[in-house]
Amino acid sequence: MRAAALDGRLRAGDRVPATRTLARDLGVSRTVAAAAYDQLVAEGWLGARHGSGTFVLAAPPSPPVSTAAMLTPGGTDAPTTTDLRPGAPCLEVLDPASWRRAWRRVGDLVPSERPEYAGVPAFREAIAEHLLRHRGLVGADVLATAGTTTGFAEIVAVLTRRLGRPVRAGIEDPGYRRAAGVLRAAGAEVTGLAVDADGLVVGNAPSGLDLVYVTPAHQYPLGGRLPMTRRAALVERARSEGFLVVEDDYDGELRYDVAPLPVLAALAPDVVVHLGTAGKIATPTLGVGWLVAPPALTADLLALRAATGTRPAPAGQLVFAAWVHDGGLGRHLTRLRRELAVRRSLVVDAVRAAGHEVLGDRAGAHLVVPLGSAAAERAAVDAAAEVGVRVDGLAQHRLDDVESLPLDLTADSTEHADRALLSRPQVHGILVGWAAPTRAELEHALTRLGGVLAGTGVTPA
């Protein structure tokens, strides 16, 4: 009845059936029908007139909107639209039975009496084991977070309180705009740092920073892997200049050519904060992530949480911990890497068949298709949308409202042909992700995207 009133099938003043009639027509008890009417009367949708029956009181104040449109993800997207933007997990390989078992185990637990500011112990232990097995981080003192962005916001808040002034931060450009948004919301002074096909150009970072935010395992969005020489240089500068390195390991587990490089936090736990999330390997709807920080910073983070009463919700932590304990995460990662490797090959083949090249390591769940100009980038994004494929342009990941350093490739970053694509001041192109759709949806979308990339006006880099 609510939906009927919203979409215009029921209008103000219409009389509705008696509860006895409605119950008979729907095959339910009269008690059920009466309870529904009582609820609708309480909400103001219906009203009773003595001796006359029950009538509709409320009507939509504007043209009706179909219930189906209200419930469609993305709002205005056509049903045939395939979303190839990066950032979503691959749920097609998630084992429903394993997932249900984790939720059932949590349902049997007794709720805690007190908040766990550091996180649920079972979750912290599970993540410490995960980081040891999959990321080479030994003896991690894990704090739970509500995700990488929330964890990063807490770090910035603590640094701001320590310094007694706005944080001076450097962040990769192009880079993760939400991280830049966190810094701006905290009043930080933000500088965009140059990147190339290997990731952050460490030598170009200015002095005087308090914090450097970096994605070393799989630079977002260009897809490079920070080599060991640059990692060592970044750590050396952090120690000598006194700044903190925040390592966002958003998809570090998703490498399927060689084993991942050890995390920065394993190389320098005294100056690096490691951030991780379940959002890319499982689902962001759990709202769980983790961080590993130097002991003094960990203590300050816990003090801030205790003082403000904030802490990550335990439900998602408990589910994730149960899933890990059951072996579900390990099996899922094996399936996930295998599936993503196949999907990446499909994307690369489709892009190259259309006369273009790709940029990005064999890792994660997205790559970049470099294009010759900003106009070609916009044309590709718009043309893809017209055929029902959503992709991002690199322009959406540039930190245009912060001071950015010019790109200056160093001598050790010109060994491969794809790095030459980054020798110009700005690289243009589109990001293509392959995790969110089903395999069949991806294949259909790539056929349409290949036609767009082969068309006129979308010039290769």
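What percentage of the 461 residues of the protein count as buried? The points below start there.

1. The share is 47% of the 461 residues, where buried stands for under 20% relative accessible area, exposed for over 50% and partly exposed for what falls in between, with a 1.4 Å probe and protein chains only. Please keep in mind that this is a predicted model, in which local features need pLDDT of at least 70, side-chain atom pairs count only at pLDDT 80 or more, and totals for chains, interfaces and linings use all residues. Residues are numbered from 1 along each chain as its sequence is written, and side-chain values use heavy atoms, leaving out hydrogens and water.

2. The protein has 16 helices and 17 strands; these are DSSP runs numbered from the N terminus, with H or I and at least four residues for helices, E and at least two for strands. Of the contacts (heavy atoms within 4.5 Å) with a separation of 6 or more, 76% are between residues 24 or more positions apart.

3. Now for the rings: the structure holds 8 aromatic pairs. Rings of Phe, Tyr and Trp (its six-membered ring) pair if their centres lie within 6.5 Å; planes under 30 degrees apart are stacked, over 60 edge-to-face and the rest tilted. Phenylalanine 123 and tryptophan 290 make a tilted pair, at 6.4 Å centre to centre and 55° between the planes. Phenylalanine 123 sits in helix H6 (residues 121-135) and tryptophan 290 in strand E12 (residues 289-292), 167 residues apart. Both are buried.

4. Phenylalanine 123 also pairs edge-to-face with phenylalanine 320, at 6.1 Å and 65°. Because phenylalanine 123 lies in H6 and phenylalanine 320 in H12, this pair ties together parts 197 residues apart in sequence. Phenylalanine 320 is buried, with a relative accessible area of 0%.

5. To finish the picture, ring pairs join Trp99, Phe123, Trp290, Phe320 and Trp323 into a cluster.
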